[in-house]
Amino acid sequence: MRVRADLRLLRHTRWQGHVVRFVAGGLVTVATGLIAKTMGPVIGGLFLAFPAIFPIGLVTTERLQNREAGPAARGARARRAGICEAIGAAAGCLGLLAFALVLWRGLDAAGHRWPVRLAFAAASVAWAVLAFGGWSVRRPLTHLVSRVLPRASA
Amino acid sequence: MTGAPELLLRFLVGGALVSSFSLLGDLWKPKTFAGTFAAAPSVALATMSLTIGREGPSNAALAARSMAVGALAFFLYTNAVALLIRRAGVRPGTAAWKCGAVWAAAAVMGWATLLRVT
């Protein structure tokens with residue numbers, strides 16, 4: 001399937017879902033700052049990659065798919081969508097890893113430190129390249145997983 | 001971080017960035033591609049942009065190094081979620097919460113083996 005953006009897809013979302021994500025994002029950012037303040041940047045940094053929003057997205061997707069599916073497809077369709085979202089998020093994690101490594105190298109005092117804005121820009125580009133690049137090679141990986149692991153019955 | 005205004009600022013910036021990335025993800029098809037935005041560095045951008053000015057780039061570099069370990073833990077977590085749904089037929093929401101221990105265990109192991117000694 002070709003990648004495409006479609007504004008009409010926003011019709012399927014509900015404003016409550018966006019509010020929940022806003023609140024969750026705000027709370028995680030506050031919590032991460034407090035953890036870094038009390039326990040230091042090494043522990044606090046771990047929580048910069050804490051999967052706080054992903055579970056909320058999965059729950060939202062599950063509800064949406066169950067609402068739209070007929071009685072016969074309820075559950076199975078949500079599970080398929082959940083697997084798709086998890087596979088995409090795994091690709092996003094590769095981007096997140098690249099973002100962190102570039103930022104670390106760019107800001108590390110031991111090396112040649114980059115200007116802060118340049119470090120953030122380079123890290124963001126690294127995220128996009130690895131996340132979308134990782135996504136583009138997911139198909140052979142998922143085929144491999146499909147062969148190794150049996151599918152759960154619907 | 002001390003005052004309530006700063007906590008409120010963190011909350012607003014973090015919430016805005018996270019919901020923006022999630023809204024961006026909602027725009028795309030197929031679903032696997034949209035899922036990449038679920039692991040966008042929204043919390044990191046919000047946290048670091050607010051702290052780097054006061055605490056300096058050295059602290060941010062340390063945090064970024066730890067974030068790389070957290071990202072590996074996140075990668076294992078997303079794969080665990082996909083496997084649990086696929087193999088055990090668990091509901092996606094349930095799988096996401098149940099696999100939280102995978103992220104925690106991987107992050108602790110990563111901290112103990114890669115970060116604690118330095």
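1. In the second largest pocket, each of four helices supplies at least two residues of the lining: α1 (15–39) and α2 (41–46) of chain A, and α3 (42–55) and α4 (57–88) of chain B. The model is a predicted one, and the points below should be read with that in mind.

2. Of these contributors, α3(B) gives the largest share of the lining of the second largest pocket, namely six residues. In terms of domains, the lining draws at least three residues from domain 1 (1–55) of chain B and at least three from domain 2 (57–118) of chain B.

3. The second largest pocket holds about 200 Å³ of space. Its lining comprises 21 residues. Those that lie nearest the centre are A36(A) and P41(A) from chain A, with T51(B), E55(B) and A63(B) from chain B.

4. Which classes make up the lining of the second largest pocket? Nine residues are polar, eight are nonpolar and four are charged.

5. Turning to the fold of chain B, its secondary structure consists of six helices and one strand.

6. The C-alpha trace of chain B spans about 45 × 40 × 25 Å along its principal axes. Chain B has 118 residues, and 52% of them count as buried. Among its contacts between residues at least 6 apart in sequence, 55% join residues at least 24 apart.

7. For chain B the accessible surface is about 4,900 Å². Carbon and sulfur atoms account for 70% of that surface.

Conventions
Residues numbered from 1 in each chain as written. Chains lettered and ligands numbered in written order. Predicted model: local features only at pLDDT ≥ 70, side-chain atom pairs only at ≥ 80, totals over all residues. Heavy atoms only, no water. 1 Å grid on protein atoms, 1.4 Å probe; cavity = no way out; pocket = protein on both sides within 12 Å on 5 of 7 lines; lining within 4 Å. Points joined across faces, edges and corners; volume = space filled by probe spheres on them. Nonpolar A, V, L, I, M, F, W, Y, C, P; charged D, E, K, R; others polar. Domains from an automatic or database assignment. Buried < 20%, exposed > 50% of the residue type's maximum accessible area, 1.4 Å probe, protein only. Contact = heavy atoms within 4.5 Å. Areas by Shrake-Rupley, 256 points an atom, 1.4 Å probe, with all protein chains shown as cover.
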